[in-house]
There are 4 protein chains.
Amino acid sequence: MLHSRWFLEQTTEHEGAFHSLSEIVYSGISPYQRIEVIRTGSYGKCLVLDGKMQSSEVDEFIYHEALVHPSLVLSDSPRRVLIAGGGEGATAREVAKHQAVREIIIVDLDREVVEISKRHLHEWHRGVFDDARVQVVFEDARRYIETSRGVDVMVIDLPEPTSGGPALMLYTREFYSLAREALSEEGILVTQAASSAVHNLRVFTRIVHTLKQVFPVVRPYTVNVPSFFSPWGFVLASRRKDPLQLTAGSLNRTLEALPGGLAFYDSETHVGMFSLPKYVRKALEGEESIITDSSPLSFY
Amino acid sequence: MLHSRWFLEQTTEHEGAFHSLSEIVYSGISPYQRIEVIRTGSYGKCLVLDGKMQSSEVDEFIYHEALVHPSLVLSDSPRRVLIAGGGEGATAREVAKHQAVREIIIVDLDREVVEISKRHLHEWHRGVFDDARVQVVFEDARRYIETSRGVDVMVIDLPEPTSGGPALMLYTREFYSLAREALSEEGILVTQAASSAVHNLRVFTRIVHTLKQVFPVVRPYTVNVPSFFSPWGFVLASRRKDPLQLTAGSLNRTLEALPGGLAFYDSETHVGMFSLPKYVRKALEGEESIITDSSPLSFY
Amino acid sequence: MLHSRWFLEQTTEHEGAFHSLSEIVYSGISPYQRIEVIRTGSYGKCLVLDGKMQSSEVDEFIYHEALVHPSLVLSDSPRRVLIAGGGEGATAREVAKHQAVREIIIVDLDREVVEISKRHLHEWHRGVFDDARVQVVFEDARRYIETSRGVDVMVIDLPEPTSGGPALMLYTREFYSLAREALSEEGILVTQAASSAVHNLRVFTRIVHTLKQVFPVVRPYTVNVPSFFSPWGFVLASRRKDPLQLTAGSLNRTLEALPGGLAFYDSETHVGMFSLPKYVRKALEGEESIITDSSPLSFY
Amino acid sequence: MLHSRWFLEQTTEHEGAFHSLSEIVYSGISPYQRIEVIRTGSYGKCLVLDGKMQSSEVDEFIYHEALVHPSLVLSDSPRRVLIAGGGEGATAREVAKHQAVREIIIVDLDREVVEISKRHLHEWHRGVFDDARVQVVFEDARRYIETSRGVDVMVIDLPEPTSGGPALMLYTREFYSLAREALSEEGILVTQAASSAVHNLRVFTRIVHTLKQVFPVVRPYTVNVPSFFSPWGFVLASRRKDPLQLTAGSLNRTLEALPGGLAFYDSETHVGMFSLPKYVRKALEGEESIITDSSPLSFY
């Protein structure tokens with residue numbers, strides 16, 4: 001062990017990861033959470049909330065492209081996009097690449113996350129907060145969504161729900177029903193959906209099963225985000241729009257029009273991430289639990 | 001941190017994983033390496049060689065099915081299968097499911113790995129050492145392959161090469177040339193090929209690039225093996241046989257004939273694992289280094 | 001880091017120790033606590049309760065000799081000795097070396113600690129449970145002491161009090177008053193008293209200050225117990241008997257009569273452990289907090 | 001585990017310590033070693049060389065007072081003091097408190113340690129580098145001592161010898177012979193002498209035994225330095241001067257004259273640190289190894 005300074009993250013009761021720590025860029029406590037920006041030998045600069053790795057300079061493009069583009073490409077005219085969470089700006093950065101988008105509303109509870117990101121995480125937001133289409137609202141996302149209407153794409157980019165934590169009520173059937181009402185007729189919801197690792201799969205499968213109670217089309221997909229220490233699940237849901245019907249041609253045509261281009265997502269990546277391993281599909285089929293307001297899901 | 005006993009694995013200079021440790025089933029030192037069989041809270045029973053997780057009870061099926069079946073299905077008549085490494089028996093267990101196979105030769109340097117596996121890792125080998133088709137040879141795999149001929153499928157299931165370690169010369173162009181000569185005309189080689197994580201991709205891309213110097217058809221693929229703490233690369237190589245031309249129909253027909261069935265691999269999984277993310281493909285295209293006997297590759 | 005299996009103990013919010021782990025001799029959960037017997041590369045066999053190192057094969061003689069002999073030597077005729085805690089038998093082992101002792105009562109809440117020690121910790125108890133003078137009572141020590149009388153030496157050998165834990169009420173002024181009533185006129189109480197490290201001294205100084213409310217003679221002393229990762233405090237208290245008045249001659253005479261001899265304690269050691277560094281004495285003088293039933297002390 | 005950033009120090013092959021890490025004040029590599037100044041939750045600011053804790057803001061006074069004052073008090077007129085190592089200035093700070101001292105020569109190999117300490121470790125040096133009596137020489141201490149004469153007190157304040165490291169030849173019989181020649185007739189040498197923990201005692205006992213080959217009076221002593229994770233040994237050696245003959249009266253008179261006063265050392269502390277536990281004395285008596293240039297000692 002050559003290094004003596006380490007960032008340790010316990011990801012479940014029984015396992016975790018460690019990373020050599022070369023710099024503590026920022027460390028503080030907001031009214032909502034502990035916020036750290038650190039630099040590691042493995043992943044460069046990292047954003048850490050309450051001790052959990054949120055994203056890293058080296059591989060955040062995987063997470064954020066996977067979260068944003070399938071829905072944005074699938075939407076015919078994504079004019080109005082709402083991001084729940086995502087205060088560090090990277091999700092908005094990806095959304096803003098789509099020229100059709102007129103309005104990007106970031107709803108994040110924690111003003112300090114946005115402020116600290118503006119100061120320390122330029123690699124994440126790339127100046128998107130100055131984009132005239134972007135609006136930041138500091139409010140509980142659920143409350144905001146209750147009165148929202150006409151959203152074309154809603155991106156749920158929240159940390160894991162924990163008992164007593166602010167995201168607990170943002171993964172329930174009732175929340176998804178509110179989200180559906182906020183969407184336009186052709187609207188699409190996409191949510192990050194926790195680990196899809198074989199031994200730690202049930203949060204993912206429950207989110208999928210819960211979304212199926214609310215939306216006719218529900219498509220889970222997974223990608224590798226190395227700094228998450230695990231394969232990671234996402235779910236796209238809608239009334240009608242189905243990402244499995246996207247053709248390589250139309251998908252690539254849309255992507256080629258994006259300024260700057262993408263590093264992770266294209267038509268082959270799309271096929272790879274929607275083609276789930278057999279054991280994941282089996283676990284999804286076998287899931288029967290529904291997450292509700294009265295029985296919410298607390299990760300770890 | 002509720003637990004006080006941990007297994008720590010440093011996977012690169014800058015990162016690693018920890019797992020709660022509930023039992024030390026076996027711990028000893030062979031002439032070649034430190035061998036441990038432990039039980040963790042995250043992955044159940046695990047085989048650890050020289051401090052590196054080799055496979056775990058919970059997710060070894062992912063690794064071993066991914067390693068074995070694409071080649072075995074692709075081969076028209078896989079009569080003679082050679083496994084370099086794989087002394088714990090799980091690779092042979094998967095190979096043995098294919099009825100066409102007449103001969104399974106396991107070439108492992110370390111007799112103690114086989115003996116300890118027989119005693120402690122029944123979940124891995126499932127009795128395959130008693131299969132009349134299986135033969136175990138305790139020898140350096142490269143030397144054995146030099147004089148082998150007519151191999152239909154060669155499975156390279158070795159630990160990572162380290163400077164001074166026994167696997168160092170089993171990932172070079174010269175080794176792959178010897179392997180090609182050992183293969184039958186329609187023969188297929190498949191090798192595990194290290195991490196395919198975005199920040200740690202170069203071993204994988206060099207193995208692929210080196211194989212391209214020797215074989216006309218070279219197909220990299222990746223899967224998630226959570227206990228490896230990273231997405232993992234594999235490469236299939238041959239003179240003619242191409243896994244991208246396998247149809248879902250023929251693939252599933254072959255798999256349905258296997259006794260016991262599979263948990264990971266089927267036609268949708270196949271599509272997923274051969275559809276690489278854009279950044280992986282780009283890194284593969286950009287690779288120009290060839291691994292040779294005079295300039296071998298030492299991982300980590 | 002050559003070893004991959006470790007025992008980690010967090011000793012305060014901000015620090016802890018790790019030890020290479022070579023064997024898990026026993027691991028289980030009693031009605032009162034998690035009990036582990038492990039073997040480490042640094043300290044050999046260790047007893048661990050609720051994740052806290054209790055004593056190790058290599059240095060338990062320091063702790064147990066320091067805990068027992070100053071009081072036993074000081075007592076003119078230690079006929080009746082009560083041990084609160086100490087279920088693993090090592091304290092009783094040291095007490096039993098004194099021929100004058102007629103009765104050794106071990107009061108430990110947790111029957112399983114005694115049973116597991118009998119099975120796995122012979123190095124600790126050395127068969128003392130078979131000594132006819134020894135009696136083991138499975139009861140709350142405070143309750144037992146309420147009705148005890150005529151105790152010549154009372155040895156408080158308990159784990160650290162934690163909120164909600166069983167030892168919480170065994171470090172209070174009210175407890176010490178009960179203990180005083182249980183003692184004979186010439187009786188002596190001795191208690192382990194937590195870390196005496198400079199940055200972590202307040203539990204020790206509060207115990208001393210609390211005992212001063214109850215006993216006329218209160219003598220703190222400290223020793224090095226390496227496996228505790230810290231210098232360690234003890235306190236001897238009595239109505240009259242004062243260890244500072246022991247002469248080297250009488251002390252050594254008493255010790256020479258003990259069968260087997262001692263490895264840690266003799267007259268020079270005695271001088272060393274009762275001669276406290278200046279900063280410890282200053283902290284003791286400055287302490288004003290009293291631990292009471294209504295305001296008990298929770299370590300860590 | 002509330003904290004996620006940790007400083008880990010492996011102190012032997014089998015054990016180590018961890019500390020929560022709140023700030024990386026400085027991190028760099030000099031021609032001789034890795035130098036870090038960090039802030040921990042347990043010990044405040046810490047100086048770390050090659051991953052080894054050298055001293056901490058919270059308890060460096062224990063180490064430096066113990067290292068310096070017994071010799072300085074014992075010396076009748078400590079005019080000329082040579083410090084081997086000690087580039088961070090705290091040893092010189094303690095020496096400078098003695099008014100009789102006319103000359104303080106710090107011989108440290110590593111210019112960067114001194115520069116970084118001037119910038120970041122004011123708590124250590126307290127401006128002593130501006131004291132007109134202080135001279136800093138950047139040279140190998142052994143070479144410097146070869147031509148030194150008339151030193152009244154020589155303080156060996158070096159990191160542990162490691163094979164290939166710069167301190168390897170500064171703990172040998174030949175070095176001590178050179179040191180004796182550099183001392184005045186009444187001169188005194190004192191050296192830090194590694195851990196005195198029961199399971200890790202042999203470096204300490206060998207240094208003592210080696211010094212006995214060269215000096216008629218050799219007095220080992222030990223103190224608790226919590227951040228060293230172990231009790232710590234020192235040795236005072238001379239031709240005639242004996243610290244065991246210091247009376248409390250004369251010792252305290254000398255100390256009272258020091259400006260600022262001391263926090264650790266006084267006559268009672270003196271008695272405590274020269275009164276060694278029985279097992280330490282026994283290990284010292286049994287030691288027969290001599291450290292020589294041809295057979296130097298490599299710690300850990």
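Between chain B and chain A there are 23 residue pairs in polar contact, both partners at pLDDT 80 or more. Keep in mind that this is a predicted model. On the chain B side, the elements giving two or more residues are β1 (5-12), β2 (15-29), α1 (60-74), α9 (267-274) and α10 (278-286). Chain A also touches chain D, with 16 residues taken from chain D and 16 from chain A.

**Chain B against chain A: extent and make-up**

- This contact draws 45 residues from chain B and 45 from chain A.
- About 3,800 Å² gets buried between the two chains, and carbon and sulfur atoms account for 61% of that.
- Element by element, β2(B) gives the most to the side of chain B that touches chain A, with six residues.
- Sorted by type, the residues on that side of chain B come out as 24 nonpolar, 13 polar and eight charged.

**Chain B against chain A: specific pairings**

- Four salt bridges are counted between chain B and chain A.
- One of them pairs the side chains of A:R281 and B:D266, at 2.3 Å from N to O.
- Strands pair up across this boundary too: β2 (residues 15-29) of chain A runs antiparallel to β2(B), and five bridges join them.

**How chains A and B are related**

**Chain D against chain A: extent and make-up**

- Here the buried area is about 1,300 Å², with carbon and sulfur atoms giving 52%.
- Three residues carry much of the chain D share: D:S4, D:R5 and D:I24 supply 45% of the area that chain D buries against chain A, more than any other three residues.
- Across this interface, 10 residue pairs are in polar contact, again with both at pLDDT 80 or more.
- The elements that give two or more residues on the chain D side are β1 (5-12), β2 (15-29) and β3 (34-40).
- The largest share of that side, five residues, comes from β2(D).
- By type, the residues of chain D that touch chain A split into eight nonpolar, four polar and four charged.

**Chain D against chain A: specific pairings**

- The salt-bridge count between chain D and chain A is two.
- In one of these, the side chains of A:R5 and D:E36 meet at 2.6 Å, N to O.
- Strand β1 (residues 5-12) of chain A is joined to β1(D) by three bridges, and the two run antiparallel.
- A:R5 turns up here as well, standing opposite D:F7 in β1(D).
- So what does A:R5 do on this side? Its side chain forms a salt bridge with D:E36, and the residue faces D:F7 in the strand pairing.

Key: Residues numbered from 1 in each chain as written. Chains lettered and ligands numbered in written order. Predicted model: local features only at pLDDT ≥ 70, side-chain atom pairs only at ≥ 80, totals over all residues. Heavy atoms only, no water. Contact = heavy atoms within 4.5 Å. Buried area = accessible area lost by both parts, 1.4 Å probe. Polar contact = N/O pair within 3.5 Å; in protein donor to acceptor, adjacent residues only side chain to side chain. Helix = DSSP H or I, 4+ residues; strand = E, 2+ residues; numbered from the N terminus. Nonpolar A, V, L, I, M, F, W, Y, C, P; charged D, E, K, R; others polar. Pairing = 2+ DSSP bridges.
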